[in-house]
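Student: I have this one open in the viewer now. Can we go through it together, starting with the overall picture?

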Amino acid sequence: MEKIKTRTIMTRSNEGSRWFGIDYHMNLYKGCSLGCIYCSSRCESYRIENFDEVRTKENALEILEEELKNKKLKGVVSFGNLSDPYNPEEEHLKLTRGALELINKYGFGVSIDTKSDLILRDLDLLSEISKKNNVIVKISITTFDNELAKKIEPNCISSTKRFAVLKELRNAGIYAGVLMMPVLPFLTDSEDNIYNIIAKSKEVDAKFIYTKMGITLKTNQRSYYYNALDILYPGLSKDYESVYGNRNFASSLQYRRLMEIFVNRCNEVGILTDMDDIIRDYKKEIPTNYQMSLF
Ligand code: SF4
């Protein structure tokens, strides 16, 4: 496997903690082999060539340890914005696990996005971190339909298994919910899909579901997605082109109606949908004496 030279692992969040209360982003891997046809990490601005090939960063954990030691703000570190932190290589490389050990050691919080059941291997560490710091896990689920998921997320576990992962996380007391992103116009933007995802999320005690009811369509990401649609659903990319042209974001044509259904149903069953509410709900006060004891 190719190793990339790097001097930094963590970067300060540009969103100023507005995105799930994240303070730092971190990518231990470059590229992802899970194959989602809509993946926004393929977009040109991230400059990841051969995206489907996973690469690691040289001395990633050593660099990370130095960075964690020297950060004044003990905030929430996000795993996996440009690659799934539990991509298949993680099973033997254990970089994500190593980073969680360091995060636990230096008193930071964690935000993880994944579609993999490999996260359950690290339940011990997530539970340990969660006892004294902020932990949030987002399981990415775009459709309740396993056959459709197999087409659009070909190397991922089924949606049914992802709900089972969520259940195990919740049973272990980890704050976790569903990232229903993207929502694909003409494919997953149906009432049926939304109701089913909410029902299954409720069954497994998900704390939240977050969605933007659409998909980004940026350079490179758009062409990869349209090529995949041409194979899976001939003619559909033409519908996208005629409706969305060169727009960078394609909202569902039923955006208002679906958002209303989504928010109302989630409110009825007690699942959070608003970003500020989710942040308020999962972030806890970190005792000052705990922070002090780290030095
Ligand atoms: S798991 Fe995430 S990073 Fe990997 S291909 Fe799918 S959307 Fe992209």
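Student: So how much of the chain counts as buried?

Tutor: This is a predicted model, and 42% of the 295 residues of the protein chain count as buried.

Student: And what about the radius of gyration, what would a compact globule have?

Tutor: A compact globule with 295 residues would have a radius of gyration near 19 Å, and because the protein chain has 19 Å, the two agree. Its C-alpha atoms fill a box of roughly 60 × 45 × 30 Å along the principal axes, and the chain contains twelve helices and twelve strands.

Student: Which residues have the most contacts inside the largest nonpolar core?

Tutor: They are Val-110, Val-137 and Ile-209, in a core of 74 residues. Strand E8, residues 135-140, gives the most to this core, with four residues. Leaving aside residues up to four places away in sequence, Ile-209 touches several others, including Val-178, Met-180, Ile-197, Ile-198 and Ile-271.

Student: Switching topic, what is the strand order in the open sheet of three strands?

Tutor: The order is E1-E5-E4, with mixed pairing, and the edge strands are E1 (3-4) and E4 (29-30), each of which pairs on one side only. E1 and E5 (residues 55-57) pair in the parallel sense over two bridges, and Thr-56 in E5 is the bridge partner of Lys-3.

Student: Last one: which residues are around the ligand?

Tutor: Around the ligand are Cys-32, Leu-34, Gly-35, Cys-36, Cys-39, Ser-41, Ser-83, Asp-84 and Lys-115, a shell that divides into four nonpolar, three polar and two charged residues.

Definitions and conventions:
Residues are numbered from 1 along each chain as its sequence is written. This is a predicted model: local features need pLDDT of at least 70, side-chain atom pairs count only at pLDDT 80 or more; totals for chains, interfaces and linings use all residues. A residue is near a molecule or strand if its C-beta atom, placed from the backbone, lies within 6 Å of it. Ala, Val, Leu, Ile, Met, Phe, Trp, Tyr, Cys and Pro count as nonpolar, Asp, Glu, Lys and Arg as charged, and the others, Gly among them, as polar. A nonpolar core is a set of buried Ala, Val, Leu, Ile, Met, Phe, Trp, Tyr and Cys residues joined through C-beta atoms within 7 Å. A residue is buried if 20 or more other C-beta atoms lie within 10 Å of its own, exposed if 12 or fewer, and partly exposed in between; C-beta atoms are placed from the backbone. Two residues are in contact if their C-beta atoms, placed from the backbone, lie within 7 Å. Two strands pair if DSSP finds at least two bridges between them. The radius of gyration is taken over C-alpha atoms; the globule rule is 2.2 Å times the number of residues to the power 0.38.
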